[in-house]
Amino acid sequence: MSDLSYVRTEMLPEQAPPATAVGIIGWMRENLFSGWFNSILTIAAVLFIYMVLSIVVPWMVSPTWEATSLANCREILAELGREGHFSGACWGVIRERWIQLLFGFYPPELYWRPILAFVLLFVALAPVLFAEYVPRKLIWFSALFPFLMPWMLWGGTVWNPIAVVAGFAIAYFVYKAVDTAVGSIAAMIAAVVAAIVWWLVLLGPVVAGLSSIIPLGFEVVESRQFGGFMLSITIGIVAIVVSLPLGVVLALGRQSDLMIVKAICVGFIEFIRGVPLITLLFVASTLLNIFLPPGTNFDIILRVIIMATLFSAAYMAEVVRGGLAALPKGQYEGADSLGLNYWQAQRLIIMPQALKISIPGIVSSFIGLFKDTTLVSIIGLLDPLGLSQGIRADANWNGIVWELYGFIALFFFVFCFGMSRYSMYLERKLQTGHR
């Protein structure tokens, strides 16, 4: 009887996967046409996008860049046989007013100052956002830039930012001196009091004296000359940078065992979250002066920045508190087993993990805050939306709508999309979330 069994003695050569399972075709089959319902949705979405683009693209492709008025735009389009309300965009308004939309009424001869300030802003953010690619020593410039930027934009004597920085140095030395003699809580209180006394009482005379001896500084630019995207970026960046550490402090205070500290933090967070931002902006623009001493000149933009920062910090505190609540109890017990005190445990173990968990919520709050800067137009500040109203009031451009709002929307989209992409990059880098 013959043996018909067969045993292969060599491996079969590898074969390429089917063409329908790899490449663009494979991706489309997996993501767009994986089933009948998904296929119907894909076809409907493609048809909808085609219908929108068939209207928008011809409207955008309009040879009206050199037009000097809306009537001139219509004349140019009529000569091409394109008549009607949506026959073509009038880009002449963007060519004529784009600088105003960027800088507001900032003196043209001083445009170099905000441009340099925003270039240095990216330099200051580099060691924070991309620490592995830039020298760590640059972090010192990042710490000094919040004091340098206002001086470059508003001008004035150079001794103002130096004196403000000196207040933090005074607070540090007072803290170290009192901490050695009394204790940490008394040292923190003494440091805060010393800084407040310096800023509110001593800073003015000291700056005036130094300015009379060594008059160095920039030409002063009034806040009423600020406007456009420069105003939105200034308010948004400052509020974003300050609200994150303030939100972390509020989140820790809300979980504190100290009854007074916890009550203050809870009361602040709940009050701010229960009030619309526009109400706080009205308070900043009108009611705040009632509570200030007569003759006090509290800059309107600074008031708006303070209110926007406090509003964002309250929401940031809840986002960070969610990250803290998501940590297992073992992380706290592990910090205790290592002999770490409260602040060491927060800095080295607890807070890094909580912030990693909270990245999506933090960035979402940042994006919302940046978009909310457009609300300042309601209280009379000329952000891009406020300027657009003035531009449309011009007889030459009366009736322009989509071009201006489209240009403003594109600007905000670029900034918000950039923050969103960086958030995703940071999540991948830190391996946040479940795999």
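Predicted model: local features only at pLDDT ≥ 70, side-chain atom pairs only at ≥ 80, totals over all residues.

Modeller: Happy to! Let me begin with helix 12 and helix 14, which are roughly perpendicular to each other. Helix 12 covers residues 300–326 and helix 14 covers residues 342–357; the angle at which they pack is about 110°, and their axes lie 8 Å apart. Since angles of 65 to 115 degrees count as roughly perpendicular, that is the label this pair receives. The crossing of helix 12 and helix 14 is right-handed.

As for the residues that touch, helix 12 contributes Val320, Gly323, Leu324 and Ala326. Facing them from helix 14 are Gln346, Ile350, Met351, Ala354, Leu355 and Ile357. By class, this contact of helix 12 with helix 14 holds eight nonpolar residues and two polar ones, with no charged residue.

Helix 9 (residues 228–254) packs against helix 15 (residues 359–372) at an angle of about 150°, with 9 Å between their axes. Angles over 145 degrees count as roughly antiparallel, and helix 9 and helix 15 are therefore described that way. Here too the crossing is right-handed, as helix 9 passes helix 15. On the helix 9 side, the contact is formed by Ser232, Ile233, Gly236, Ala239, Ile240, Ser243 and Leu244, while helix 15 supplies Ile362, Phe366, Leu369 and Phe370. The contact of helix 9 with helix 15 divides into eight nonpolar and three polar residues, again with no charged ones.

Away from these helix pairs, the cysteines deserve a look as well. The structure has one disulfide, and the partners are Cys73 and Cys90, with an S to S distance of 1.9 Å. The link of Cys73 and Cys90 is right-handed, with 65° about the S-S bond. Cys73 sits in helix 3 (residues 70–79), whereas Cys90 belongs to the loop between helix 3 and helix 4 (92–103), so the bond ties together parts that are 17 residues apart in sequence. Both Cys73 and Cys90 are buried.

Cys265 is buried because its relative accessible area is 8%, and Cys416 counts as buried because its relative accessibility is 11%.

Conventions: Residues numbered from 1 in each chain as written. Heavy atoms only, no water. Axes fitted to C-alpha atoms, helices over the stretch in contact; angles between N-to-C directions. Helix = DSSP H or I, 4+ residues; strand = E, 2+ residues; numbered from the N terminus. Parallel < 35°, antiparallel > 145°, perpendicular 65-115°, else oblique. Left-handed = near helix turned anticlockwise from the far one by under 90°. Contact = heavy atoms within 4.5 Å. Nonpolar A, V, L, I, M, F, W, Y, C, P; charged D, E, K, R; others polar. Disulfide = S-S within 2.5 Å. Buried < 20%, exposed > 50% of the residue type's maximum accessible area, 1.4 Å probe, protein only.
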